[in-house]
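Trainee: I would like to learn how to read the features of a model like this one. Please take me through them one at a time.

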Amino acid sequence: MSWITEPFQYEFMRRALLACVLIGFTNGFLGAYVVLRRLALVADALSHSMLPGLALAAMLIGLNPGGLLLGGLFAAVFVALGGHLIASSSRVKDETAVAALYIFAFALGIALIKYARVKVSLDHFLFGNILGIADSDLLTSYLISVTTLLSLVALQRPLLLALFEASVARTQGIRVGLLLALLIVLIVLAMVSSLQAVGVLLSLGLLVLPAATIYLLSDSYAAMSWGGGIIGATSAVAGLQISFWANIPSGPAIIMVLGILFLAAYLFGPKYGIASRRLRKRHLHEESLKRWK
Amino acid sequence: MNGRLVIEDLTVSYHRIPAVHHLDVQLASGSCVGLLGPNGAGKTTLLKALAGLLPIETGRVRFNGRVIADARLITYVPQREAVDWDFPITVRGLAEMGRYSVLGIWKPFGARDEAIVNQALQVAELDAFANRQIKALSGGQQQRAFLARAWAQEAEIYLLDEPFGGLDKNASTAFAEAIHRLRDSGKLLIVSHHNLADAAELFDHILILNGELVAFGPTEQTLTKGNIDRAYSTKIFSGRKQ
C-alpha cells in the first residue's frame, strides 16, 4: 500500500492533500444548496466574473490572498447584484442579464491581466495549481470552510423551507431574499477557496458534481449535503493521487473523478439510474398481460 | 380553538390596480368555506393577501382580535404547479417541515413533535406512505401531504388554492374527507374552487367573489342561481376605464 502514502513524503503533496479535503468537502456540502436552488448556471457565471476582480487586485496590491479574495468577491457580487438589478428593472430575464454581465466581466478580466504589476499567467487563474498552494492559501481555505459549514448547518431549517417553497417560507417570516444573497456570497467564497486548486474554469465542477451525483442516488436532502461533502473530499484526494501517478494536472484529474462518479450514478444508480431502470423486471406488466389473455 | 377571522374593508392591488375591493366578511373556526368566482375574480389574490404574501392596500385582517402577524396561525397551500416535486424529501420530511416554524432554528425535535407529525400523517391518511418521496405519490396524496404539513404546523387557518384541480373522483372524495376532518377538529378552511357542481357537498359556507364581495353565507342560502348569475355575468371592475 506504499503507493498510497508515497506521494505524501513531499511537503507540497501533504499541503495539497489538506487543501483537497478542505476544499472538496466544503464545495460538496454547499453544492447541495446550489443544485436544489438550480443555481448551477449562476455559479458558473460567478466563477467567470471573478477574473477582473482578481486581475485588479493583482495590479493594485500584488498577488496576496487577501487582495485576491476581495477582488474576486467584489467582481462576483457586482455581477450577481447587477444581474438581479437589470432583471428586476427591465424586461430582460435573470439568466440573460447574468450571462450578459459575466461574459463582459470575463473579457475585461483577460484584458486587465495583461497590465498586472506582477507577471501572472492567465493559465494560473484559469486552471489553478494545487501543488503550488501556500500556507496563506491554506489558511484562507480553512477560514472559508469554517464560515461556510457553520452558516449552512445553523441555517439549515430556514434554508430548506426557502429552497423548497419560497412563498410559503415568506409567510412564515423567513427572509428568503437575504438567505439567497447569503448563498451567493458563500458560493463566491467557496470559489475563491477552490481557485488556487482548480482555477476559475473548473471550480464549478467541485461545487456542482458531488451534489448532483447524490441527487441521483438519494431522496434525502441531508444526504445531499453531507454525502456531497464526503464525495467531494474523497474524489479530490483520489484525483490528487491520479495526478501524481499519471502525471496529469491535478485540477482536471479531480474533476474527471467527480465526472465519472456522476455518470456512474446516472447510469447505475439503484433507484433513478437509467440502466438500472431498464434492467428491472417488468413483472407487473407481464402479470397484467397474462390476465388479459 | 374557537376563533373568528374578521376581514374589514380589505383592498388588495397589483401595481395600484385593485383586484379585491373593500371586502368585509367574518369567518368562524370549524367551517369549510368555498371561495367561488370567475377567473380573475381575485380568489388567489385574496388567499395570498390573507397569507401575507401580498401587501394590503386598505383595511385589516384579524383573528380573535389580533392582527395575524403570528404566521404560524395561518398556512397557505399553493397550487400544485408551484411545487418542485423532484425535491429530495419524503412525506414524513414534509410533515416535519411544518414543525420548523414552531421550533425555530435551534430547538431539537422532541417526543411531542414526533407525536404531532405522526398525528398529521394519520389525519391525512398517509401513514402507509410516510417514507415515499413526494413525486411517488398520486395527485390526491400529494395534496394531502401538504395538509399534513399544515397540521404539523398547528395552524388554525388553512388557505387552499384550487386543491381539487386535476383530482379524479376517488381522490377528490378522499381529499374532501381529509379537509372535513380538519373542519370538525375546529380549524377554519378557506378553499378556492371553480366547479360549481360539487360546491354544495364540499363546503358549509360559500364566499362568492368577483373583484368585490358578491355574496357570503351558509351554502344553501348563498349558492343560488341569482348570486351565481350576478357573479359570472358582470364584468370585473379592474379600476381601468374600459
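**Reading sheets, a contact and a helix**

Mentor: Keep in mind that this is a predicted model. We can begin with a pair of strands: in chain B, strand S1 (residues 4–14) and strand S4 (residues 58–63) are antiparallel partners joined over 5 bridges. Within that pairing, Glu8(B) lies opposite Arg60(B) of S4(B).

Trainee: Over how many bridges do S1(B) and S2(B) pair, and in which sense?

Mentor: S1(B) and S2(B) are antiparallel too, with 8 bridges. Val12(B), for instance, has Val20(B) of S2(B) opposite.

Trainee: What does S4(B) form with S5(B)?

Mentor: The two make a hairpin with 2 residues between them, and Asn64(B) in its turn has a positive phi of about 50°. The pairing of S4(B) with strand S5 (residues 66–67) of chain B is antiparallel and has 2 bridges. Arg62(B) is opposite Val67(B) of S5(B).

Trainee: In what order do these strands form a sheet?

Mentor: The order is S2-S1-S4-S5 (chain B), an open sheet of 4 strands with antiparallel pairing. Strand S2 (17–28) and S5 of chain B are at the edges; each has a single partner strand, so one side of each lacks a neighbour in the sheet.

Trainee: Which strands form the sheet with mixed pairing?

Mentor: That open sheet has 6 strands, in the order S6-S7-S8-S3-S9-S10 (chain B). Its edges are strand S6 (74–77) and strand S10 (212–218) of chain B, and because each has a single partner strand, one side of each is without a neighbour in the sheet. On average, neighbouring strands here are turned by 15° against each other, direction ignored.

Trainee: Which way do S9(B) and S10(B) run, and how many bridges join them?

Mentor: They run antiparallel, and 6 bridges join strand S9 (residues 205–210) of chain B to S10(B). One of the partners to look for is Gly217(B) in S10(B), which is bridged to Ile206(B).

Trainee: Next, the place where the chains touch. How many residues does each chain give to the contact?

Mentor: In general, the size of an interface is often given as the accessible area lost when the parts come together. Here we have residue counts: 19 residues come from chain B and 20 residues from chain A. On the chain B side, S6 and helix H2 (91–103) each supply at least two residues. H2(B) gives the most to that side, with 3 residues. By type, the chain B side has 14 nonpolar, 4 polar and 1 charged.

Trainee: How does the span of helix H10 of chain A compare with that of a straight helix?

Mentor: H10 (residues 176–215) of chain A has 40 residues, and a straight helix of that length would span 58 Å, yet its end C-alpha atoms are only 23 Å apart. H10(A) also has a kink of about 115°, centred on Gln196(A).

Trainee: Is H10(A) mostly covered or mostly uncovered?

Mentor: Mostly covered, as 32 of its 40 residues are buried.

Trainee: Why does Gly71(A) count as buried?

Mentor: The cut-off is 20 or more other C-beta atoms within 10 Å. Gly71(A) counts as buried because it has 24 C-beta neighbours inside 10 Å. This glycine belongs to helix H4 (residues 65–89) of chain A.

Trainee: Which residues is Gly71(A) in contact with, leaving aside its neighbours within four places in sequence?

Mentor: Those contacts are Gly53(A), Leu54(A), Leu56(A) and Ala57(A). As for Ala58(A), 13 residues apart from Gly71(A) along the chain, the separation between their C-alpha atoms is 8.5 Å.

Definitions and conventions: Residues are numbered from 1 along each chain as its sequence is written. Chains are lettered from A and ligands numbered from 1 in the order in which they are written. This is a predicted model: local features need pLDDT of at least 70, side-chain atom pairs count only at pLDDT 80 or more; totals for chains, interfaces and linings use all residues. Two strands pair if DSSP finds at least two bridges between them. Axes are lines fitted to C-alpha atoms, for helices over the stretch in contact, and angles run from 0 to 180 degrees between N-to-C directions. Two residues are in contact if their C-beta atoms, placed from the backbone, lie within 7 Å. Ala, Val, Leu, Ile, Met, Phe, Trp, Tyr, Cys and Pro count as nonpolar, Asp, Glu, Lys and Arg as charged, and the others, Gly among them, as polar. The expected span of a helix is 1.5 Å times one less than its number of residues. The bend at a residue is the angle between axes fitted to the seven residues ending there and the seven starting there. A residue is buried if 20 or more other C-beta atoms lie within 10 Å of its own, exposed if 12 or fewer, and partly exposed in between; C-beta atoms are placed from the backbone.
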